[in-house]
Number of protein chains: 4
Amino acid sequence: MPLLSFWRDQVGSIADRGRELLSFGAKRAPEPGDLARGLLSQRGEASGLALAQDLAAAIPAMDDLAFEKFVAVLAGEFACDPKEVENAVAAWQQQPGDKTLAALRDAVEAPRQELFRRLNMAPSGTATLVRFRQRLLKLTGKRPELRGIDEDLRHLLASWFNRGFLRLERIDWHTPAALLEKLIEYEAVHEIDGWDDLRLRLAADRRCFAFFHPAMPDEPLIFVEVALVQGMPDAIAPLIDKQRGTGDPQAADTAVFYSISNCQDGLRGISFGNFLIKQVVGELSGEFPNLKTFVTLSPVPRLHEALKRRDAANFSLERLERILGEETLQALDGDGLDDPIEALARRAASGEKLSPLLAQGLHRLALAYLTQLRQSGRAFDPVAHFHLSNGARLERIDLDADRSAKGLSESLGVMVNYLYEPKSLEANHERYVDTGTVPVSRKLAAETDVAAKQWDISEAA
Amino acid sequence: MPLLSFWRDQVGSIADRGRELLSFGAKRAPEPGDLARGLLSQRGEASGLALAQDLAAAIPAMDDLAFEKFVAVLAGEFACDPKEVENAVAAWQQQPGDKTLAALRDAVEAPRQELFRRLNMAPSGTATLVRFRQRLLKLTGKRPELRGIDEDLRHLLASWFNRGFLRLERIDWHTPAALLEKLIEYEAVHEIDGWDDLRLRLAADRRCFAFFHPAMPDEPLIFVEVALVQGMPDAIAPLIDKQRGTGDPQAADTAVFYSISNCQDGLRGISFGNFLIKQVVGELSGEFPNLKTFVTLSPVPRLHEALKRRDAANFSLERLERILGEETLQALDGDGLDDPIEALARRAASGEKLSPLLAQGLHRLALAYLTQLRQSGRAFDPVAHFHLSNGARLERIDLDADRSAKGLSESLGVMVNYLYEPKSLEANHERYVDTGTVPVSRKLAAETDVAAKQWDISEAA
Amino acid sequence: MPLLSFWRDQVGSIADRGRELLSFGAKRAPEPGDLARGLLSQRGEASGLALAQDLAAAIPAMDDLAFEKFVAVLAGEFACDPKEVENAVAAWQQQPGDKTLAALRDAVEAPRQELFRRLNMAPSGTATLVRFRQRLLKLTGKRPELRGIDEDLRHLLASWFNRGFLRLERIDWHTPAALLEKLIEYEAVHEIDGWDDLRLRLAADRRCFAFFHPAMPDEPLIFVEVALVQGMPDAIAPLIDKQRGTGDPQAADTAVFYSISNCQDGLRGISFGNFLIKQVVGELSGEFPNLKTFVTLSPVPRLHEALKRRDAANFSLERLERILGEETLQALDGDGLDDPIEALARRAASGEKLSPLLAQGLHRLALAYLTQLRQSGRAFDPVAHFHLSNGARLERIDLDADRSAKGLSESLGVMVNYLYEPKSLEANHERYVDTGTVPVSRKLAAETDVAAKQWDISEAA
Amino acid sequence: MPLLSFWRDQVGSIADRGRELLSFGAKRAPEPGDLARGLLSQRGEASGLALAQDLAAAIPAMDDLAFEKFVAVLAGEFACDPKEVENAVAAWQQQPGDKTLAALRDAVEAPRQELFRRLNMAPSGTATLVRFRQRLLKLTGKRPELRGIDEDLRHLLASWFNRGFLRLERIDWHTPAALLEKLIEYEAVHEIDGWDDLRLRLAADRRCFAFFHPAMPDEPLIFVEVALVQGMPDAIAPLIDKQRGTGDPQAADTAVFYSISNCQDGLRGISFGNFLIKQVVGELSGEFPNLKTFVTLSPVPRLHEALKRRDAANFSLERLERILGEETLQALDGDGLDDPIEALARRAASGEKLSPLLAQGLHRLALAYLTQLRQSGRAFDPVAHFHLSNGARLERIDLDADRSAKGLSESLGVMVNYLYEPKSLEANHERYVDTGTVPVSRKLAAETDVAAKQWDISEAA
C-alpha cells in the first residue's frame with residue numbers, strides 16, 4: 001500500500017513528536033496502552049490513521065504478558081466510569097427525556113467501544129479486532145471480569161458483520177490457492193486430507209460456498225460443502241471417499257449439506273449458518289432446476305454422552321430401558337454389564353455390526369434423544385438445535401453412517417438427515433421456538449406415535 | 001438477483017401466511033409498521049430476509065402521509081420503554097456491576113436500532129436506510145421529537161461507514177457512465193455543465209477521487225476534484241474554463257483541491273473529507289513525485305454575511321473601520337452610504353475592479369474575518385473551520401478570484417488557498433482545536449503583525 | 001506501462017547505436033523506412049520490441065508526404081522480388097514437391113508481411129496497423145499499384161481478427177464513458193444525438209452488443225442496437241424517439257435489430273456482422289425466453305438510385321411501368337413529368353402522404369427492386385445482400401417508415417424487415433448463394449405470384 | 001456457454017440436414033473428414049460456427065486410426081492442387097504483375113490453411129488446433145510427408161501467437177489452483193514436488209511469470225521461475241531446497257532465472273523465451289529498484305555427451321588432452337582408463353568431490369565446450385545457444401552445482417550463469433549471430449586468453 005507508506009514517511013516526525021508528548025521515549029517502542037490513549041485523544045483526530053496503524057501492528061506482536069497488561073488497561077481505564085453513569089442516571093431521573101436518555105446512553109457505553117471503532121480505521125483493522133477477540137476469548141473463561149470487554153467487541157462485530165454486508169462466493173478449483181488452503185485448515189467436520197482430497201471436494205458434482213466480509217476479503221467466515229447426488233444419502237463415507245468418481249450434477253435430484261464450518265473463532269456467537277444454508281439453497285435451485293431435495297447429513301455429537309449421563313428426568317435408565325423393550329434388553333444381557341444402555345452404546349461405539357434387534361434399539365434411543373432431550377429450552381444436541389431453529393425437519397436417522405473414530409465415539413456411528421423444505425421453514429421454526437416441538441418426517445412420526453405409549457416419556461418432557 | 005427471487009417464490013406462501021398472522025388481509029399490501037413489527041418478532045429470525053426485503057421495498061414507496069405515520073411508529077412503539085429503563089436503573093443502583101450495567105445498556109437502546117440492523121440485511125438495505133435518513137432529516141427541523149430516531153440512525157451509520165470500510169477509487173473517463181452522471185448531479189461547489197465539461201474535469205491534468213462503501217458500490221459518498229498545475233492558483237475561472245487546453249501533469253508542482261462535494265444527505269454529520277484529502281495527497285505523491293505543494297482553492301461563503309452582521313464584539317463597525325484606515329474610508333465616502341464597510345462590500349459584490357487601496361482594504365477585512373471571527377469556539381467560516389481542523393494552514397487570500405454570481409454575492413469574489421503540509425498537520429490541528437489559533441503563512445503573518453496594533457482586535461477575541 | 005519505459009531507458013544507447021548503424025544521424029529522428037529496415041534485419045531479433053515501438057510511434061505522426069514516401073518504400077523495397085519468384089518457380093518446375101512448394105510460398109510472400117507481423121509486437125501495434133490501413137485505403141482508389149500492400153494487410157488482419165479471437169460484450173449505461181462516446185462517433189445508421197439520446201438507446205428495453213478484439217480492448221469493431229418490443233415495427237421514429245418512455249423488456253415478443261455499425265474503416269472487407277447478429281440472437285434468447293421474433297428494421301439505401309438509373313435489363317422503364325399498372329400511371333400523369341417512375345419517386349422523396357393507389361405502386365416497385373434487381377450475381381441493394389447472405393428472409397416492406405432526410409432521399413421513406421429465423425438460415429443462405437433466390441414471407445410471396453405474370457420481369461433476371 | 005447451446009438447439013435440424021447433404025446417414029456420427037469438407041464449403045458460411053464446433057469436438061475424440069485417416073485427408077484432398085499451381089505459374093510467367101502474383105499466392109496456399117482458420121472460430125478452437133499439432137508432431141518423425149501439414153499449422157500459429165497478442169501475468173499463491181497445478185505438470189527443469197514445494201517456489205522472495213494467449217486463458221504458454229537473492233548463486237540446491245527459509249526480496253541485489261519451461265508441445269518452434277526474459281527483467285526492475293544483476297543458473301545438458309563424442313575437429317581427444325595439461329593427465333592416470341577425458345567425466349558424473357587440479361581441468365573443458373564447440377553455425381549446447389542468441393553473456397561456470405541424477409549424468413554437475421545486461425544485449429546478439437563469438441565475463445576472458453595458446457583450438461573453429 002504505497003500511499004500509506006508515503007503518508008507514514010510524511011507524518012513520521014509528528015508521530016515521533018506525538019510519542020514524546022505521550023511521554024514514551026524515542027528509544028523504546030510505544031506501548032499499546034499508550035497508543036490506545038493517543039488514539040482516543042484529540043490528537044487521534046488529526047493523525048488517527050497513523051496511530052490506528054501503529055496500534056493494529058502492535059497488538060498481534062504482543063506476548064502473553066503484554067496482552068494481559070493491555071487487556072487490563074481496557075478493563076480498567078477504558079471501561080465505563082461509574083461516577084459518570086451515576087450522574088447521568090441522576091440527570092435522567094430528575095428529568096426523563098430524549099436528551100438525558102442520550103446522555104445516559106453515552107455514559108453506559110465504555111470508551112473502549114470508540115477505541116475499537118478508531119482502531120478499525122487502520123488497514124486490516126477489522127481483521128486485527130477479530131483476532132484480538134479470538135485471543136481474548138481464551139482468557140475470559142478463567143477471568144470473568146474480562147467478559148465486559150468481550151461483550152463490547154461482540155456487539156460491535158455483530159453490527160459490522162451484519163448479513164447485509166456479507167458476500168456469498170462460490171469456491172471451486174479456480175479459486176486462488178491462498179484461499180483454498182484455508183478450507184483445509186478450517187474444515188471442522190470431515191477433515192480434508194491435502195490438495196488431492198480438496199480437489200475432489202470441489203469436483204463437478206460438488207459445490208462449496210462461503211460468506212466473506214469486504215474488510216477481510218481473503219478470509220472465509222463460514223463455508224458449506226454440498227454434494228449433488230441422487231437420493232438422500234445414509235452414510236458419509238461414499239461422499240468423501242478419496243477414490244470416488246465424479247457424478248453428473250445435472251442428473252442429481254438431491255443436494256446434501258454434509259459439512260458446515262465456522263472459520264473465525266473471533267466471531268463466536270455471531271451466527272451466519274442460517275443465512276448461508278438458505279442462500280445456498282437458492283443458488284443451487286437456480287443452477288440445477290432438477291434438484292428436489294435439500295438435506296443435511298449431520299453428526300449427533302452428544303448422543304453417546306447423553307446415553308451415559310441420563311440425568312434428565314425423561315432420560316432416566318428406567319425409561320431408556322422401556323424404550324429398548326424386553327427382547328432387546330435380553331439380547332444385551334450376555335455382555336455382562338449391569339447397564340444394558342451402556343452395553344448397547346459400547347457395541348455401537350466399537351463399530352461392530354448390530355443385529356436388527358439392536359439396531360432397532362439404537363434407532364429408538366436416537367429418536368428419543370433427538371426429539372425429547374432438552375436443555376435450557378432447546379434441543380440438547382447442538383447440531384439438532386441449529387438445524388431445527390433454522391426451520392429444518394428431522395427427516396431420517398441413519399445407523400452405521402459414520403465409521404470415523406470421532407463418529408463412532410461421539411455419535412455411535414449415527415447420522416441424521418435434516419430436511420430444508422423452503423415452504424415449511426417458517427412454521428417449523430416458530431413451533432420449535434415456541435413449544436419445542438421437533439418436526440419429523442411422516443415415517444419417523446409413525447414410529448414415534450407407535451412407540452409413544454410404550455416409551456411413556458413424552459409427558460415428562 | 002435470481003436467487004432471491006427464487007427464494008421469494010418459495011417463501012411466498014409463508015410470507016402470505018405470515019401476513020395473515022400479522023393480521024393484515026391478503027388483499028391490501030402490508031403496512032410498513034406491520035412489516036417492522038414482524039421483522040423484530042421471533043418470526044423475523046426464520047424469514048427475516050424476506051420481511052426485510054418487503055420493508056426495504058415498502059419504505060421508498062411511501063407517500064408523505066405514510067412516511068410520517070411510519071416515523072410515528074418508530075418514535076413511539078420502537079422507542080425505549082421508560083419503565084424498562086427505570087427498572088434497569090434501579091437494578092444497577094442496587095448492585096452496580098457488569099451485569100446490571102449491560103442490562104442498563106440494553107434498556108437504553110431503542111428497539112428501532114435492532115430494527116434498522118435487521119432491515120440492513122435486505123439487498124440494498126444500507127442504501128434504503130441512508131435514503132430514509134435523508135427524508136427523515138427534512139422532518140426533524142420542524143419536529144424535534146423525531147431527533148431521537150435520527151440520532152439512532154446516525155449512530156448506526158457512523159459505525160457502518162467507519163473509515164476502515166471505505167474504498168478510495170479514482171474516477172476518470174473510463175469510469176462507467178452511470179457513476180459519472182452522479183458527479184454531475186452531486187457537484188456542489190462549481191457546477192458541471194454537461195458531459196463535455198465533465199470530460200474536461202477528468203482530463204489528463206486533473207484527478208478525481210471518491211470514497212465508496214461496499215454496500216453502495218454505485219454511490220460515491222464524497223468526491224474531490226484536483227487540478228495539477230504549476231504554481232498556486234489565484235482564481236477559479238482558469239481551472240474550470242470550458243475552453244482550456246490540457247496541461248502536462250508530469251510538469252505540475254502543485255495539486256489544487258478545488259472542489260469537495262458530499263454526495264449523501266442521508267450521511268450528514270458523518271465526516272469523510274478529512275480522510276479523503278489526506279489519502280488523496282498520498283495517492284498523488286505516489287503518482288507524481290514532482291508535486292511539492294498541496295493546496296485548496298476555496299470559497300469564503302459567509303464573508304459578505306459577516307461584514308453585514310458585525311454582531312461579534314471584535315467585529316464591530318468601529319473596529320472594522322479601524323482595520324480599513326482613514327485613507328480607505330475617505331475613498332469610500334463618495335458612495336453616499338453611511339456605512340463604509342457596506343459600501344466596500346457592495347462594490348466587491350458588484351464585480352467592479354477595485355482600486356489598489358480598496359483591494360488592500362478588502363484583503364484586510366478578509367484576513368480579520370478568517371483569523372479573528374469565531375462562533376462556538378470555532379472559525380465562523382465553515383470552510384475555514386473544515387480545513388483548519390484538518391490541520392491545514394491559511395496560505396493566501398485571493399481577491400477577484402471567483403466572479404460567479406454565487407462567488408461574488410457570498411464571498412465577495414474572494415477565495416482562499418489552504419495549504420496541506422503533511423509535516424505540520426498534526427501540530428496545526430492541535431493548536432487550532434486547543435487555542436483557536438489559525439496558522440497562517442509567513443507573508444500573512446507579517447501583515448497580521450504589522451496590522452495588529454492598528455486593528456486592535458486580537459485582545460477582544 | 002512502466003516496464004516498457006524501463007526497458008527503453010536501458011536499451012536507449014543500443015537504439016542510438018542502432019540508429020547510427022542505420023546511418024541516421026543523432027540529430028534527426030529516424031525515418032519510418034529506416035526503422036522498417038532495421039526491424040526486418042537481424043538486429044530486429046534482439047531489440048525488436050524497441051524498434052517496433054519506435055515504428056508504431058512514427059507511423060501515426062507522419063504527415064501526408066511522409067506517409068506516401070513510406071508507402072512507396074513498402075510498395076517497392078518490401079514487395080516480392082520477381083527474381084526470387086522466378087528462381088523459386090524454376091526450382092518447383094524442375095522438381096515439384098513439398099520443399100520447392102514451400103520455397104515458392106516463401107518467395108511469393110512480400111517481405112512487408114513479416115514487417116507487419118513484427119510491428120504488431122509493439123504495444124498497440126495492432127491498432128496502429130488497423131489505422132494504417134484506414135489511411136492507406138484512402139490512397140488506393142487513385143493509386144491502384146498500392147492495392148498489393150492493402151491486400152497483404154487485409155489478409156493478415158482477416159487472420160488475426162478471426163471470429164475465434166473476438167469477444168462479444170454487452171454495452172449499457174454501466175460501460176465506461178470512454179467507450180460509450182465511441183458509439184456516438186461510430187453510429188452510422190441513425191445518429192445518436194448526445195449523451196441523453198445515448199442513454200435512451202441503452203435503456204432497459206434496449207440492448208447493445210459489440211465485438212471486441214483482445215489487442216484493441218477499448219475499440220468496438222462492430223455494434224448492433226436492439227429494441228425489445230411487442231410486434232414487428234413498421235417505422236423507425238418511435239424506436240429512436242427522444243421523448244419515448246421505457247417499455248418492459250420481459251413483456252417483449254420481438255427483438256428488432258434497428259442499427260448495425262462497423263466501427264473500423266481499417267478492417268473494411270473483413271466481415272463480422274453475420275456472426276454478431278447470430279450470437280446476439282442467442283444471447284437475447286437466453287435472457288428473454290419470451291422473445292419469438294428476431295427481425296431487422298433496415299433501410300433500402302439504393303432504391304431511389306435504382307429507380308432513376310433503370311439500366312438493368314429487367315428494370316427498364318417499360319417494365320417498371322408495367323409493374324405500376326395503368327391506373328397508377330394515370331394518377332401520376334398530372335405531375336407533368338414525362339417519366340411516371342420519376343414522378344412517383346419525387347413524391348415519395350418529398351415525404352408527402354401517398355394515396356393508397358400510389359402507395360401500392362411504390363410497394364410493388366420496392367418489392368421488385370429487392371427481389372429482382374441484381375448486380376454481379378448478388379442483390380443490388382447492399383443491405384439486402386448482407387441480410388440475405390446471412391440467411392435472413394424478406395419479411396415485410398414498410399412504407400413511410402423513415403422520414404429522416406436521408407431516409408426519404410435514398411430509401412424513399414421505405415424500410416424493410418428482414419427476419420432471422422434460426423431454423424431457416426442455412427437453407428435460405430444456400431438457395432440465395434446458389435440461385436439468387438430471395439426468400440420472402442408468405443404474404444409477400446402471394447403478392448409476388450399474383451404480380452409475376454403482369455410484371456413479366458422474372459425471366460429477364 | 002448457454003448461447004451456443006441455444007444456437008445448437010436451433011440449428012440442430014439444419015445440421016442434421018447438412019449431414020444428410022454431406023451424405024452421412026443420421027445414424028452414425030459424421031466423420032471429421034466430412035465435417036472438414038462441409039466447413040470449407042459454401043454451407044460453412046451460414047452455419048460455420050456449428051460445423052466448426054462439431055469438428056472441434058470430433059478431433060480430440062479420434063482414436064489413433066481415425067486420427068491418421070483424418071491427417072491423410074488433410075495431406076491429400078486439402079493440400080495444394082499441383083494443376084492449379086501450374087496454371088497460376090503459367091499465368092504469372094506470361095504476365096508478371098500484382099494480379100497474377102496474388103493468384104499464384106492463392107494457388108500455393110493449401111486449402112487446409114483456410115480449414116484451420118474456420119476451425120478456429122469454434123469456442124476453444126485455438127486450443128484444439130494446438131493440441132492437434134501436438135499429436136501431429138508425434139507422427140511427422142516417421143512420416144515426413146506430413147510435414148507440410150505441420151508447416152501450415154506452424155505458420156498459422158506463429159502468426160496468431162504473435163508477441164503483440166500475449167499477456168504477461170504474474171503467478172503467485174493467489175493464482176487459481178486450476179492454473180497452479182499446471183505449473184507442477186509443466187515444470188521441465190527442476191521438478192516441483194507437490195503443493196508445499198510449489199508454495200515455496202512462489203514465496204515472497206521468488207517470482208514466477210508466464211505468457212498467456214487470450215484464446216487460451218487457462219493455459220500458460222511458457223513460464224519462468226526467478227529467485228531474488230544476494231549475490232550470484234553457484235548451485236541450484238539452495239534455491240529449491242524444500243526446507244529453506246524465505247528471504248527479504250527488498251534486500252536482494254540479484255534476480256536468478258533458474259527455470260524456464262515451455263508448456264505447449266503444440267507450439268514447438270514458436271519462440272517466446274526471449275521476450276519473456278526481457279519483459280520479466282523490466283517487471284522486476286520496476287518492483288525492486290535494488291536489483292543490479294539479472295542472471296540465469298542453467299544446466300549444460302550436452303556437456304557429457306560432447307566429451308564422449310569428440311567428433312568435431314576442434315574437440316578431438318588430442319586437443320582436449322592439451323587443454324587439461326600434463327599434470328592433470330597424470331593425476332587421471334591411476335583410473336586405469338585409456339582415455340583420461342572419459343576418466344575425468346566419470347569422476348564428475350559419479351558426484352565425487354574433485355581435487356583442485358581436476359576441478360580446474362573440468363572447468364577448462366566446460367569453457368572450451370561452451371565457447372568453441374559449434375554445430376550448424378551455432379553453439380552446440382542448446383541452452384547456451386538460447387541465451388547467447390538472446391544477447392546474454394557467459395558470466396561464470398559453476399562446478400558441483402547440480403547434484404541431481406540428471407545434473408550429474410548430463411551436465412557433470414556443472415551449471416552456468418548467463419548474464420542479462422540490458423545495455424549489452426543487442427551488441428552481444430549481433431556478434432554472436434554474425435561471427436559466432438561467445439561473449440564472456442572478464443574473468444573467463446582472462447582464463448581463455450591465457451589458455452588460448454596452450455589449447456590451440458580457436459583457429460580450428
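**Reading contacts from definitions**

Tutor: Let us begin with one pair: the side chains of Arg199(B) and Glu181(C) meet in a salt bridge, with 2.1 Å from N to O. This is a predicted model, in which local features need pLDDT of at least 70 and side-chain atom pairs count only at pLDDT 80 or more, while totals for chains, interfaces and linings use all residues. Residues are numbered from 1 along each chain as its sequence is written, chains are lettered from A and ligands numbered from 1 in the order in which they are written, and side-chain values use heavy atoms, with hydrogens and water left out.

Student: What else is found across the interface of chain B and chain C?

Tutor: There are 8 residue pairs in polar contact, both residues at pLDDT 80 or more. A polar contact is a pair of N or O atoms within 3.5 Å; within protein, one must be able to donate a hydrogen and the other to accept it, and residues adjacent in sequence count only if both atoms are side-chain atoms. On the side of chain B that touches chain C, helix 10 (177–186) and helix 11 (194–201) of chain B are the elements that give two or more residues, and helix 10 of chain B gives the most, with 4 residues. Helices (H or I, at least four residues) and strands (E, at least two) are DSSP runs, numbered from the N terminus.

Student: How much area do chain B and chain C bury between them?

Tutor: About 990 Å², 58% of it on carbon and sulfur atoms, where buried area is the accessible area (1.4 Å probe) that two parts lose on being put together, summed over both. In chain B, Trp173(B), His174(B) and Trp195(B) lose the most area to chain C, together 45% of what that side buries.

Student: What makes the salt bridge of Arg207(B) and Glu287(B) tie together parts that are apart in sequence?

Tutor: Their side chains meet at 2.7 Å, N to O. Arg207(B) lies in strand 2 (residues 206–212) of chain B and Glu287(B) in helix 13 (residues 273–287) of chain B, so the pair joins parts 80 residues apart in sequence.

Student: Why is helix 10 of chain C called roughly perpendicular to helix 11 of chain C?

Tutor: Helix 10 (residues 177–186) and helix 11 (residues 194–201) of chain C pack at an angle of about 95°, with their axes 10 Å apart. Axes are lines fitted to C-alpha atoms, for helices over the stretch in contact, and angles run from 0 to 180 degrees between N-to-C directions. Angles under 35 degrees count as roughly parallel, over 145 as roughly antiparallel, 65 to 115 as roughly perpendicular and the rest as oblique, so helix 10 of chain C is roughly perpendicular to helix 11 of chain C.

Student: What makes helix 15 of chain A oblique to helix 17 of chain A?

Tutor: The axes of helix 15 (residues 317–324) and helix 17 (residues 340–350) of chain A come within 9 Å and cross at roughly 60°, so helix 15 of chain A is oblique to helix 17 of chain A.

Conventions:
A salt bridge is a side-chain nitrogen of Lys or Arg within 4 Å of a carboxyl oxygen of Asp or Glu.
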